[in-house]
Amino acid sequence: MEVIRIEEDREKRRIAESILEVLPEWFGIPEARAEYVRESAGKIFLCAMEQDEPAGFLYLKETGKDTLEIAVLGVRKEFHRRGIGKALFERAKAIAKENGYSFLQVKTVQMGKYESYDATNRFYRAVGFKELEVFPTLWDPWNPCQVYVMAI
C-alpha cells in the first residue's frame, strides 16, 4: 500500500466518487456525497493505492489560518482494519505540520448514535484526537456533530 498525493482535480473527483458511493453507511445521502466530491477540487488530497487501485482517500481543507480539517476520509470496506485510514491520517498530519499548521480537526456524528459512526469515533480517538465540542443541530437533530481536535 502506498499513499500518494493527487494534484489533478478531475482525478480527485473520480477517486472520491468511486469510494464514497460504496460506503452508504457513512455517505448515503446523494446530495452530501456529491458535495464531498465537488469540494475535493483544490484541496490537499491523499489517496491510498493498493495494487494500482484506490483503496481510500482523504482531503484537507483550511478552516482557519492555523487549522486544517479532515473534510472527508473514506476507505473501501474490503480494506478496513488494514491500517489504510491510519496511513492516510499520518501523511495528512505530516503535511499539515510541514505547512505550518498548528491544529487538525475533524467532524463526525456523536458517539452513541449509530454503530458505524461509533467505529469512526473510536478511530479518531485512537489516532490522538480529543473531543472539543458537540453541536447538537449543526447538521440536523438526528446527527449531532462531534468536533475533535489535535495539536500538531
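# Notebook: helices, cores and a pocket

I began at alanine 126, which I found in helix 5. Helices here are DSSP runs of H or I with at least four residues, strands are runs of E with at least two, and both are numbered from the N terminus. A caution for myself: this is a predicted model, where local features need pLDDT of at least 70 and side-chain atom pairs count only at pLDDT 80 or more, while totals for chains, interfaces and linings use all residues. Residues are numbered from 1 along each chain as its sequence is written, and side-chain values use heavy atoms, with hydrogens and water left out.

**Entry 1: helix 5**

Is alanine 126 buried or exposed? I read 66% relative accessibility, so alanine 126 counts as exposed; the cut-offs are under 20% relative accessible area for buried, over 50% for exposed and partly exposed in between, with a 1.4 Å probe and protein chains only.

Helix 5 covers residues 115–126, 12 residues in all, and reaches 17 Å from its first C-alpha to its last. That is close to the 16 Å expected at 1.5 Å a residue, where the expected span is 1.5 Å times one less than the number of residues. I listed its buried residues as Ser116, Tyr117, Asp118, Thr120, Asn121 and Tyr124. What covers them includes helix 2 (24–27), strand 4 (67–75), strand 5 (103–109) and strand 7 (143–151). After the helix comes glycine 128, with a positive phi near 115°.

**Entry 2: helix 1**

Next I went to helix 1, residues 9–20, which has 12 residues and reaches 16 Å from first C-alpha to last, close to the expected 16 Å. At its N-terminal end I found a cap: a side-chain oxygen of glutamate 8 lies 3.0 Å from the backbone nitrogen of arginine 10. I use polar contact for a pair of N or O atoms within 3.5 Å; within protein, one must be able to donate a hydrogen and the other to accept it, and residues adjacent in sequence count only if both atoms are side-chain atoms.

The buried residues of helix 1 are Lys12, Ile15, Ala16, Ser18, Ile19 and Leu20. Their cover includes strand 1 (2–6), helix 2, helix 3 (30–39), strand 2, strand 3 and strand 4. Serine 18 has a relative accessible area of 18%, so it is buried. A polar atom of its side chain lies 3.0 Å from the backbone oxygen of isoleucine 15.

**Entry 3: the cores**

Which residues have the most contacts inside the largest nonpolar core? I noted Leu58, Leu60, Ile70, Leu88, Leu104 and Phe129, in a core of 26 residues. Such a core is a set of buried Ala, Val, Leu, Ile, Met, Phe, Trp, Tyr and Cys residues joined through side-chain atoms within 4.5 Å. Strand 2 (44–50), strand 3 (53–64), strand 4, helix 4 (84–98), strand 5 and strand 7 each supply at least two of its residues. Helix 4 gives the most, with six. A second, separate core of 15 residues includes Phe45, Met49, Tyr59 and Val72.

I then followed glutamate 69, in strand 4. Its relative accessible area is 4%, so glutamate 69 is buried. Not counting residues up to four places away in sequence, glutamate 69 touches Tyr59, Leu60, Lys61, Thr63, Gln105, Val106 and Lys107, where contact means heavy atoms within 4.5 Å.

**Entry 4: a loop with positive phi**

In the loop between strand 2 and strand 3 I stopped at glutamine 51. Glutamine 51 has a positive phi of about 50° although it is not a glycine. Most residues other than glycine have a negative phi. Aspartate 52 is in the loop between strand 2 and strand 3 too, and its phi is positive, near 65°. Glutamine 51 is exposed at 73% relative accessibility, and aspartate 52 is exposed at 69%.

**Entry 5: the pocket**

Last, I looked at the largest pocket, with a volume of about 1400 Å³. The search uses a 1 Å grid over the protein atoms alone; a pocket is an open set of points where a 1.4 Å probe fits, with protein on both sides within 12 Å along at least five of seven lines, and lining residues have an atom within 4 Å of a point. Points are joined across faces, edges and corners, and the volume is the space filled by probe spheres set on them. Of the 44 lining residues, Trp26, Phe27, Leu73, Tyr117 and Thr120 lie nearest the centre.
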